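Let's take a walk through this structure together. Have the viewer open, and we will go from the contact between the chains to each chain on its own.

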Amino acid sequence: MSHKNPEYDFEWCPGCGDFGVRRALEVALRDRNAKNEQPMANSVVVAGIGCSGNLVHLLEGDQPYGFHGIHGRSLPIALGVKMASPELNVVVVAGDGDFLSIGMEHLAPQAGRNLNICAVVMDNGVYGLTKGQASPTTTSLTVTNSTPFGKIESPVNPLNLYLTLGVSYIASGYSSKPKELAQLIFDGMEHPGFSIVHVASPCTTYNDTYEVLKGSVKKGIQGTAWNIPADHDPSNVSQARAVIDEGGVPLGVVYKDTSRPSFDQQLDDLRSRTKQKTAGELLAAYDL
Amino acid sequence: MASQSEIVVRFAGEGGQGVVTAAEILARAASSVGYHGLTFATFPSQILGGPTWTQARLSRAPVLSPGDGLDILVAFNDYAYLEHRGEVREGGVILLDPSITPDASDTAHRCITVPFDELAKQTGESRAANMVVMGGLSRLVNIKLDLFKEFVSLRFAGREGVVEANHMALDLGFEHLAGEQAIADLGEPDKPDYDQLFIKGNEAISIGAMHAGIEFYIGYPISPATPILIFMERNLVGEGKVAVQASSEIESIAGLLGAGFAGKKTMTATSGPGFTLMGEGIGLGWMTEIPGVIVDVQRGGPATGLPTKTEQSDLLSALSPAHGDSRVPVIAPGTVEECFYAAVHAFNWAERYQGPVLLLSEHSLAERAQNIPKPDLSKVPVEGRITYGGDNGYLRYDASELSPMPSPGKPGAYIANGSEHDSYGDTTHLPSRHVQMTERRFSKLKLLDDGYYESETTSTQIAVFPWGASKGPVKEAYEMLRADGTDIGWYYTMFVSPMPSALVEELRSKDLVLVPELNYQGQMAMTLRSMGIKAEALTQYTGLPFNARILSQRIKDRIASPARASAVKA
């Protein structure tokens, strides 16, 4: 609600990709609420720490609940929210540093649980808020202020990682295509399981990749972003892997597995098979 | 010595030899017929094998500690015999497995070889070796054999063959010691006229949480807190209840906060290493004002430390688990019985002041099985949080003190923000806001001054003030000192922070407050001194609880010495 809040002094840099992601999320939330006839208060946006996490303060219009926690822990916070109240729509917004470096350890468990939440990852390939250090997705040899002689490590391939871990909905989007991105996020929220929408969202100050993504006819640069063809079958894991192996930034739904029950469905099932005992009954088991 | 009305029996051997269950069976059997029993256990940190011992203390009167000297040692192998015999009092009895050759030069103890396994095999139930031991003990401590038989009949009700074999085992053990003189006479028990439980500290905490209305449990396996996870996975089921095994303690604390934010009563349990990992998350709970109970079952530290030994060395971390300005409420139960009430109170505090509350238990309570009075649940009040029920336009953090908490799904959207925030939850850096919010968070602690405390002999200028599970042995030491005519007072509370203000006032009026505690630095004494109390620690850091007799001597020496003791080392 920051636009009417003079106390909140954070701003994205002009041209930041996160503006487009915010717009896409607003549209997706609005459409989802309309479809499910739910108030905005039924959605919770759990934000990581970084430029991206500030999105939770910058949403316009009707406000969802927000949880702006600590660095790297957006997924386990979302786990708690969702398991406590499975009827809530839980969305994570985080950056590549938050999600893939400090928070990496939380990916596999949520994939294993098939936790029914949607994570929107804003990948700008750099730590922006701390002013330009190398992130897990920064390409090798890139010079940043924390890699003054070029980054030594290989970058992580996020889509490949998600597929390997068993994330059941994987989409890839671009902040400059908010309409398409909104649809990917909408689908991710509607997907009954763990969904990740990985978004190329350039940082105009420290890692301006607009030209790399879009290409430039004038300069003879071929853009790295490309549309996944309409005949791609996202339920086919081999095809999904082929899309990822193609390289660049594929745009669209890469993988979607609806055969696995989500964690909350499994818990529902467990509940129907178990009976709750009162404290009195539990105490009686220890009677002398 | 045959007139002594209490007894300490230790079982020592290899893990897997029934050592672990022996003390529990003895204490449970004795408690079930009206004696008071308490066990103490220490295990190696490995799955099978390794030197293990457990002990049971039985008495006609309620018992407060594992006991000092050993009256009887039951040794299952050579190592156990050699390792523990030095602790058996003069005139004590050592029951030996036939594989052990007793030291002929040992004239201080009566050594009796008992073919436990062979006698057990005669019953057709090779697992009845423990009952052979119980039969022998029945003779040695003058507990009627029928009382053990009654216990066996109840425990294995409906399984006639097992009952019969175990009864035979009891008889065989009893007969094997025919002609042996009793070492003590527990006599007829005075069966309490109230209902009782036989339960361990971890179980009492778990059931306390259930009574308090826990809805969401999340935890990662770690000794000695794992039994709480297991209890919750098994029992926190049914509509609206969730138990989740986390992938780490970081996931535990973050998940706990997510669930608390979503409106649930939550708990996690861990031990030192996991507790340290939770630090940042606990700070987030304080900052965002989300209720939740964090159980730290202390073990020896730092780092991996002594996973299966007891220590009271997490106090300073518990008082300040997170970076930055915070003071997280701490309740530290001192007995198995208090574990139940502490858990309920921890939930009530968390919901009342809207923030994290630490329940600081310890290994010696967690694994201690004991008979305790059964709580009357109808008399243990349970509180919930104040929630926002309005239509909209509410500002979660607008007030300068506690304010109703909105629930996601209902009107009242806000942002729970770990950054300093304004009344809605948006990030702010205004100095005036940080002042207001810091004061708001600390002001809520005033809501927690309903802790109670024990005091005795309050007219004295010197008092003992134990905390946590040292309560039992210190109380025994205190009683020895009083019987000796020593002028000393007694104070105790499980409400460590905030401490009942009336208690703090009383302690401030003393010339010297002696704090026996199981850590090197004297962490409670340091804390009390910061509150203007003339406190001095009597420390021990062996991984084991205090010995009441030795402690009473240390207190006596300290009182006699005009100079300050060397207790404060840090």
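How many residue pairs are in polar contact between chain A and chain B, counting pairs with both residues at pLDDT 80 or more? The count is 26. Keep in mind as you look around that this is a predicted model.

Which parts of chain A face the partner? Six elements of chain A each supply at least two residues of the side that touches chain B: helix 2 (55–58), strand 2 (65–68), helix 3 (74–84), helix 5 (107–113), helix 10 (263–273) and helix 11 (279–284). Of these, helix 3 of chain A gives the largest share, with seven residues.

One to pick out in the viewer joins the side chains of A:E7 and B:R433, with 2.8 Å from N to O.

Strand 2 of chain A runs parallel to strand 15 of chain B (residues 415–417), and three bridges join the two strands. To find the place, look for A:G66, whose bridge partner in strand 15 of chain B is B:I415.

Stepping back to the interface as a whole, 50 residues of chain A are in contact with 67 residues of chain B. Between them, the two chains bury an area of about 4700 Å², and carbon and sulfur atoms give 63% of this area. Three residues, A:Y65, A:Y286 and A:L288, supply 18% of what chain A buries against chain B, more than any other three residues do.

Finally, let's look at each chain alone. Chain A has eleven helices and twelve strands. Its radius of gyration is 20 Å, close to the 19 Å that the globule rule gives for 288 residues, so chain A is as compact as a globular protein of that length. Along the principal axes, the C-alpha atoms of chain A fill a box of roughly 80 × 50 × 40 Å.

Chain B comes with 19 helices and 21 strands. Here the globule rule gives 25 Å for 570 residues and the radius of gyration of chain B is 26 Å, close to that value, so chain B too is as compact as a globular protein of its length. The box filled by the C-alpha atoms of chain B, taken along the principal axes, is roughly 85 × 60 × 45 Å.

Conventions
Residues are numbered from 1 along each chain as its sequence is written. Chains are lettered from A and ligands numbered from 1 in the order in which they are written. This is a predicted model: local features need pLDDT of at least 70, side-chain atom pairs count only at pLDDT 80 or more; totals for chains, interfaces and linings use all residues. Side-chain values use heavy atoms; hydrogens and water are left out. Contact means heavy atoms within 4.5 Å. Buried area is the accessible area (1.4 Å probe) that two parts lose on being put together, summed over both. A salt bridge is a side-chain nitrogen of Lys or Arg within 4 Å of a carboxyl oxygen of Asp or Glu. A polar contact is a pair of N or O atoms within 3.5 Å; within protein, one must be able to donate a hydrogen and the other to accept it, and residues adjacent in sequence count only if both atoms are side-chain atoms. Helices (H or I, at least four residues) and strands (E, at least two) are DSSP runs, numbered from the N terminus. Two strands pair if DSSP finds at least two bridges between them. The radius of gyration is taken over C-alpha atoms; the globule rule is 2.2 Å times the number of residues to the power 0.38.
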